[in-house]
Amino acid sequence: MRDSDADYCRYLSIARTVGCALLAGVALFCATTPRLGWSGEDSRPDYAEALSKSFLFYEAQRSGEAPERIPWREAAALQDGSDVGVDLSGGWFDAGDHVKFGLPMAYSATMLAWSLLESPEAYAATQQTEIARENLRFVLDYFLQAYREGDPNRLEDDVFYYQVGDGHRDHAFWGPPERMTMPRPAFACTPSAPCSEVLGETTAALAAGSLVFAEADPAYAATLREKAIRLYRFADLRSNLGYREADGFYTSFSGYWDELAWGATWLHLATDDGNFLQAARAAIARANDAAYFAHSWDNVSNGTNLLLARITSERAYRDRIETHLEHWLSGLPATPGGLVFLDRYGSLRYASTTAFLALVYAKDQSDASRRQRYLEFAFSQIDYILGDNPRNSSYVCGFGNNPPRNPHHRGAHDSPVLSIDSPATNSHELTGALVGGPKSLNDFDWVDDRRDFVANEVATDYNAGYTGALAEIVALELASPEPEPEPEPEPEPEPESQSQSQSQSQSQSQSQSQSQSQSQSQSQSQSRRVRSRPSCSSTATGAPGTAPRSAFPRAPTCRSRGTYRSPTRGRSHSSGTRATSRVRACWLQKESAGIGSCRRGCRSASGSAPTADRDAIR
């Protein structure tokens, strides 16, 4: 062996040793470091599965007869309303408790209806249309029961029951709803003691519901529309004198003007009556602005501005919703893992609801770069919730990797001794429920502890925007274009003497094609996960006098599918939607001024003081 050969062999041996050491080090690093992104073809979230499971949570929250798809639930609260002679046994229990609070319940119903209107193709492809409608109808029926009309020519005798259950007594009981023994009084607002915020939000729910059922059940839709019109007259008394029993739990800090604008906007969409549009304009002008906070059960101004921007195409409304979205994209701090952080109580609820608004408004954009930014923001927040975070864990019960097992929920815990500490692990899986999430800018500031209600509360309003965002993402995935294979040209007849040369040429061509395909695949895997699709872009610019459904532009469908299949499964996750992007870096440098440690939803957009704890036993 020559010296040069010996030197080469020694070099190769050393290189192999160093290479093995490096690989071992990388393996150790990967094994001991939390993953900051999706890895592997099968680790992508199944958005369709998450969407379908969200409705299981709503069914677990049902009051009245036992929900068929929740085997651990039985009939409960069948006597609700007996103290006032009205059947109020339906509706949703609010959160981990058993009170039926009208304001967040109506907000959640409106948001679900909005989602059904925005992305019907997503519900159809995932076979959730009837399930979603049935869940919506369940709560709309409750609102119809809760509204007792008097003389059709006057409001003096009208009554609306906005709450069932005493919050303080209910929260002193830790057990499933089937074992409740405490009194459950019904609380009403009347024309002499109105509650305009609840009535305005319920108006929105009924009007939006009438659009959902316009074709599936025209008679039911007509009833909803008629009751919504009547209820808005009640709401327009412009007083919250009767809304007192929810104080300390769901205090309406934003007042009632935002709900009046919201209700009037949905009525305009349901009736195409310009008077309601005029009422919406007047009310939103007087509403507390929430551009620097969030769309929520307390303040629905952002969603109202989005819809009015569509209906009127006016710059003023577009400015307000864009100001709100830009605040979330570049004006708020984010955790190192990419969660844009607004408030410690229900941080994921705010992020997912804003993601829904961003996805909806993205469809209205003719500016491809703006649309792209909205989409990337929305995907980053929903993916974080579903497991793309430093904890490598889902924040949705029964979904994904290492999901929550012990949400703050009496029914799922099902303590045989009526104690929050026994058993140690919840008896039942609260499938589909979104928990509150991290309580600070620390991604690891979350523990699966039902006593930690700030991080582990669940509620119907938590799932409302989250459900809508999932449906929008599924719709986008359905509309994502796939390149059509080009037809192969028919081979021309050639002499036999050229066959061998042709074979070699084809072999070289196939090799080049395979190499190019691999290169394209690598390029795609490094590209952003959500890309602007000019050939499938959708813009919607509403105009006065347009048909009501013009406010709900369909996501374009570049191909049709019988059932849902995510075309992005297997693609690598882009760092552009994580904290490594310039936008995330900017967020991390900003101070979280004005972000207080407030209770769940007990802070208004104008920075009102937090209220007392919702749950005394917590």
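## A walk through the model

Let's start at Pro-152, which touches Arg-230 and Arg-233 once residues up to four places away in sequence are set aside (contact here means heavy atoms within 4.5 Å). This is a predicted model, so local features need pLDDT of at least 70 and side-chain atom pairs count only at pLDDT 80 or more, while totals for chains, interfaces and linings use all residues. Residues are numbered from 1 along each chain as its sequence is written, and side-chain values use heavy atoms, with hydrogens and water left out.

Back to Pro-152: you'll find this proline in the loop between strand E2 (147–148) and strand E3 (159–164). Helices (H or I, at least four residues) and strands (E, at least two) are DSSP runs, numbered from the N terminus. Pro-152 counts as exposed, at 59% relative accessibility; the scale runs from buried (under 20% relative accessible area) through partly exposed to exposed (over 50%), using a 1.4 Å probe and protein chains only. Along the sequence, Pro-152 and Arg-230 are 78 residues apart, yet their C-alpha atoms are 8.8 Å apart in space.

Now zoom out. The protein chain has 19 helices and 4 strands, and 56% of its 618 residues count as buried. Take the contacts between residues at least 6 apart in sequence: 75% of them join residues at least 24 apart.

What about the greasy inside? In soluble globular proteins, nonpolar side chains tend to be buried together. A nonpolar core is a set of buried Ala, Val, Leu, Ile, Met, Phe, Trp, Tyr and Cys residues joined through side-chain atoms within 4.5 Å. The largest one here has 147 residues, and those with the most contacts inside it are Trp-114, Phe-143, Phe-160, Trp-266 and Leu-386. Pick out Trp-266 and look around: leaving aside neighbours within four places in sequence, its contacts include Trp-114, Ala-204, Ala-207, Ala-208, Leu-211 and Phe-552. Trp-266 also belongs to one aromatic cluster, together with Trp-114, Trp-262, Phe-356 and Phe-552.

That brings us to the rings. The structure holds 25 aromatic pairs. Rings of Phe, Tyr and Trp (its six-membered ring) pair if their centres lie within 6.5 Å, with planes under 30 degrees apart called stacked, over 60 edge-to-face and the rest tilted. Tyr-256 and Trp-257 make a tilted pair, 5.5 Å centre to centre with 40° between the planes. Tyr-256 is buried at 16% relative accessible area, and Trp-257 is buried at 15%. Tyr-384 and Tyr-395, on the other hand, are stacked, at 6.1 Å centre to centre and 5° between the planes. Tyr-384 lies in helix H14 (residues 368–386) and Tyr-395 in the loop between H14 and helix H15 (410–413), so this pair ties together parts that are 11 residues apart in sequence. Both tyrosines, Tyr-384 and Tyr-395, are buried.

On to the charges. Side chains of opposite charge can pair when their charged atoms come close. The structure holds 27 salt bridges, each being a side-chain nitrogen of Lys or Arg within 4 Å of a carboxyl oxygen of Asp or Glu. In one of them, the side chains of Arg-62 and Glu-134 meet at 2.6 Å, N to O. This pair links distant parts of the chain, 72 residues apart: Arg-62 is in the loop between helix H2 (47–60) and strand E1 (100–101), and Glu-134 is in helix H5 (residues 129–146). Arg-62 is buried, at 8% relative accessible area, whereas Glu-134 is partly exposed, at 39%.

Which residue forms a salt bridge with Arg-137? The partner is Asp-217, the closest N and O atoms being 2.9 Å apart. Arg-137 lies in helix H5 and Asp-217 in the loop between helix H7 (196–212) and helix H8 (218–235), so the pair ties together parts that are 80 residues apart in sequence. Arg-137 is partly exposed at 26%, and Asp-217 is partly exposed at 22%. Arg-137 also lies over the face of Tyr-220, 4.1 Å from the ring centre; a charge sits over a ring if NZ of Lys or CZ of Arg is within 6 Å of the ring centre and within 35 degrees of the ring normal. Finally, Glu-118, Arg-310, Lys-363, Asp-364 and Glu-472 are linked in a network of salt bridges.
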